Structures are given as structure tokens and as C-alpha cells.
Amino acid sequence: MDALNQARELIDRAHAADPKRLPDGRPAELVYADRMEAWVGRAAAEPTPLLRLAARCQHLERWSVPRLSFPEGKAGYLAWRKSLYRKQADRARELLLAAGVPLAEAEAVATWVSKSGLKTNPGTQALEDAACLVFLENEIEAFAAQHADYPREKFVEIIRKTWKKMSPRGQDLAKTIALPPAIAALVGEALADA
């Protein structure tokens, strides 16, 4: 087995340990990894095998750092996310090196997963586009239901911020997603004000 396939096996084994399961029994983060890889294949100008592998590392062992382990509020949320980026990048590098992936390639994956060079590093941007596309296609409706107490303006602002994170290519792909009518209305409102 070559190093990239071995790394994929190690990454997916880590995802399989996710305690959160979907109704069909699959580990949530393994499903997320599949979705990330599918979107990065469309979002990246050159979806190399290494970039596809990096996409699978986006939420690597995310469950091990619960949101509740950081303070409430925006500052706590941002600190939690930043810690996740570092932890996931370090873990991705560790697994890739264990599989025999060359150091330079493992470092590239760690850079992309850590969100370093957003808007300037094509690999980092492709992962960010994929994450935004997964959110819009698979998660935004549940997020809205979970935060039904948010005012409409807050949802519009979240969508606007998500849109700004994406490249023009990512934004074009987002326009192809069939959204539920209520969510599509929010997206329309966010883009009209942009």
C-alpha cells in the first residue's frame, strides 16, 4: 500500500472512533470527511490526491476538544476554533508521517488544515471552500433549527461571513446547491446586501 493510501486508512480509522453517530450508525466525522473530499474535488483547480487527503483531515478528532471546554461567547468560540485548527493540523501531520508520507507533503497538509494562508494559499482556500459548501449543503438547516432563537439578521450575517470566506469558484459552486426555501431566502437576503 502506498503512503497516501496508508495515511487515508489511518485518518479514516481515527474518524471511525467518533462517538457521534448518524441515524444509520456511521460515524459523523467519517461522513463529514467524505463530504469534504467530494467538495474539494470540485472546488480546487487541481484536486491532487494530497489535497483530497487533506480534506479528510478537516475535522480530525474534533470531538476530543468539546466546545464547552472553552468560555461562552464569541472570544471563547474563536479560541476553540483556533485550538482545533492547530490540533487537527498537528494530528494530520502525525498520521501522514506515520504512513510514510514525505515531510514536505505532510507539512503542506498541516498548513492547509491549520487554515494558514487563507485567500492566498490555494490548498488552504480549497479546504475552506469545501467546508463552507458542506455547511451550506448539509448543515445549515440543522444549525438554523438548533439556533431558532437567533434573530433573522444574525443568520443573514452568518451566511454573509460564510460567503466572504469562499473564493469566486466556491461561491459559484454554492449557487448550485438546492437549498430549502427558508434557507434560500436567507442566502438571497445576505447576497443582496453584499
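Leaving aside its neighbours within four places in sequence, which residues is R56 in contact with?

## R56 and its surroundings

The partners of R56 are R8, I11, D12, H15, L30, A33, D34 and E37, leaving aside its neighbours within four places in sequence. Contact here means heavy atoms within 4.5 Å. R56 has its place in the loop between α3 (49-55) and α4. Helices are DSSP runs (H or I, at least four residues), as strands are (E, at least two), and the numbering goes from the N terminus. R56 is buried, with a relative accessible area of 1%. Buried means under 20% relative accessible area, exposed means over 50%, and partly exposed is in between (1.4 Å probe, protein chains only).

## What sort of model this is

This is a predicted model, in which local features need pLDDT of at least 70 and side-chain atom pairs count only at pLDDT 80 or more, while totals for chains, interfaces and linings use all residues. Residues are numbered from 1 along each chain as its sequence is written, and side-chain values use heavy atoms, with hydrogens and water left out.

## The two cysteines

What about disulfides? A disulfide is a pair of cysteine sulfur atoms within 2.5 Å, and by this rule the count comes to 0. The sulfur of C57 has its closest cysteine sulfur in C132, 18 Å away, and that is too far for a bond. Seen from the other end, C132 is in no disulfide, and its nearest cysteine sulfur is that of C57.

C57 is buried, with a relative accessible area of 0%. C132 is buried as well, at 4%.

## How α4 packs against α5

Two packed helices are described by the angle between their axes and the distance between the axes. Helix α4 (residues 73-98) and helix α5 (residues 103-113) pack at an angle of about 160 degrees, and their axes are 8 Å apart. That makes α4 roughly antiparallel to α5. For these terms, angles under 35 degrees count as roughly parallel, over 145 as roughly antiparallel, 65 to 115 as roughly perpendicular and the rest as oblique. The axes are lines fitted to C-alpha atoms, for helices over the stretch in contact, and the angles run from 0 to 180 degrees between N-to-C directions.

On the α4 side, the residues are Y85, Q88, A89, A92, R93, L96 and L97, and they meet L103, A106, E107, V109, A110 and V113 in α5. The residues of this contact divide into 10 nonpolar, 1 polar and 2 charged. In that count, Ala, Val, Leu, Ile, Met, Phe, Trp, Tyr, Cys and Pro are nonpolar, Asp, Glu, Lys and Arg are charged, and the others, Gly among them, are polar.

## How α1 packs against α4

Helix α1 (residues 3-16) also packs with α4, at an angle of about 135 degrees and with the axes 8 Å apart. α1 and α4 are therefore oblique to each other. In α1, the residues A7, L10, I11 and A14 meet L95, L96 and A98 in α4. This contact divides into 7 nonpolar residues, with no polar and no charged ones.

## Two residues with positive phi

Most residues other than glycine have a negative phi. E61 has a positive phi of about 55 degrees although it is not a glycine. E61 has its place in the loop between α3 and α4, and at 13% relative accessibility it counts as buried.

K119 also has a positive phi, near 80 degrees, and is a residue other than glycine. Its place is in the loop between α5 and α6. At 49% relative accessibility, K119 counts as partly exposed.

Q125 is found in helix α6 and is buried, with a relative accessible area of 9%. Leaving aside its neighbours within four places in sequence, Q125 is in contact with L118, K165, M166 and S167, and also with K119. A145 has its place in helix α6 (residues 122-146) and is exposed, at 59%. The C-alpha atoms of A145 and W63 are separated by 21 Å, and the two residues are 82 residues apart along the chain.

R152 belongs to helix α7 (residues 152-165) and is partly exposed, with a relative accessible area of 40%. Not counting residues up to four places away in sequence, R152 touches A185, L186 and E189. R152 and R13 are 139 residues apart along the chain, and their C-alpha atoms are separated by 40 Å.
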